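I began with the cavities and then turned to the ligand.

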Amino acid sequence: TRRVFSGIQPTADSFHLGNYLGAVRQWVDLQESRETIYCVVDLHAITVPYDPQVLRRRTRIAAAQLFASGLDPERCILFVQSQVPEHAELNWVLGCLTGFGEANRMTQFKDKSAKGGADSASVGLFTYPILQAADILLYQADEVPVGEDQRQHLELSRNLAQRFNHRFGETFTVPAPYILPAVSKITDLQDPTSKMSKSSSSPQGIIDLLDEPAAIRKKINRAVTDAESVVRADDEAKPGVTNLLRIYAALSGEKIDDIAARYGDGGYGGFKKDLGNLVADTFGPIRERTAKHLADTDALDALLEDGARRARAIATATMAQVRDRCGFPAVN
Ligand code: ATP
Ligand code: MG
């Protein structure tokens, strides 16, 4: 069976609908057909200024939401990145194989450092995609489920795997992207031409997995649409309605055309009302299960420690090989 690796940052008090459809729900589904390894990437979360207490809380919330969404410790490995120190070690080795110009071409750094300016951004934010490559390559992953926003980073991971193999001998599996086009980019409800994102939007534009049902319905009711009043998909002319249709289709399992045909020119009110209920009904049980996990942090931490132990068995085997290939003495 093919092995899948993916990670998610604990950078908010809840995942959002884009994370859910673009990542979490696929992670759950992939447990059926793949060997799955998933990671809460707390090392990635410290690339921007942060508060350690907040990070500690968010790491648990992230893990609780993932278990609540259907990740099953019997069928997957879920762990916290910092509990497997080999990530940071491989990051160094891969950093020494990455050209400065190559790293400098990563567009997410440019986007994310745009506000404060590249000079005040951390070197960690700049080298973030290299750590991401280390995450993936440590586990010899065949496939990496990600949204469209991660495509360029995955390309770097592939290049680094190939480069290492070429210079030092066959060591890493070259990972392939696993991107479901239909949900690869869920957009902001208030600004439907930009990605729904934890870091760069007003709360009205984001639906959180842990939002109360009333808040979910309200945000969808107020989602930006257009003046045409016809429910149909058209990315150019109707990005808002098209985004809502995409969400509806992903959650109901129906085809976009069938949904559009049903609501047609009946206006947006009924369509938004039904979509609000659909999202609220999907997220409600997940919210309740998340609260249960968070009510027993000892049990949650024990699940994560077990995940880290299993992840580390794979990571140390890869690193032993890497150290040897690099000309380092063995670590006993
Ligand atoms: P940030 O804006 O801080 O980068 P994020 O919302 O992009 O946060 P990440 O932790 O970087 O969250 O991404 C987690 C996963 O969710 C990744 O696989 C990413 O591709 C996916 N993802 C994030 N936003 C969306 C979106 N709007 N639509 C589809 N997938 C998304
Ligand atoms: Mg992101």
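I searched the whole structure, a predicted model, and found one cavity of 30 Å³ or more. I noted about 50 Å³ of space in the largest cavity.

Entry 2, lining. Which residues line the largest cavity? I listed Met106, Gln108, Phe109, Lys112, Leu125, Tyr128, Pro129 and His153. By class, I recorded five nonpolar residues, two polar and one charged in this lining. I then looked up the helices involved: α6 (107-113) and α7 (123-138) each contribute at least two residues to the lining.

I turned to ligand 1, which has 21 residues around it. Lys112, Asp149, Lys195, Ser197 and Ser199 come nearest to ligand 1. The shell around ligand 1 divides into ten polar, six nonpolar and five charged residues. Helix α1 (residues 17-30) provides the largest share of that shell, with four residues.

What distances separate ligand 1 from polar atoms of Gln9, Gly18 and Lys198? For Gln9, I read 3.1 Å between a polar backbone atom and an oxygen atom of the ligand. For Gly18, a polar backbone atom lies 3.2 Å from a nitrogen atom of ligand 1. For Lys198, an N or O atom in the side chain is 3.1 Å from an oxygen atom of ligand 1.

Conventions: Residues numbered from 1 in each chain as written. Chains lettered and ligands numbered in written order. Predicted model: local features only at pLDDT ≥ 70, side-chain atom pairs only at ≥ 80, totals over all residues. Heavy atoms only, no water. 1 Å grid on protein atoms, 1.4 Å probe; cavity = no way out; pocket = protein on both sides within 12 Å on 5 of 7 lines; lining within 4 Å. Points joined across faces, edges and corners; volume = space filled by probe spheres on them. Nonpolar A, V, L, I, M, F, W, Y, C, P; charged D, E, K, R; others polar. Near = heavy atom within 4 Å. Polar contact = N/O pair within 3.5 Å; in protein donor to acceptor, adjacent residues only side chain to side chain.
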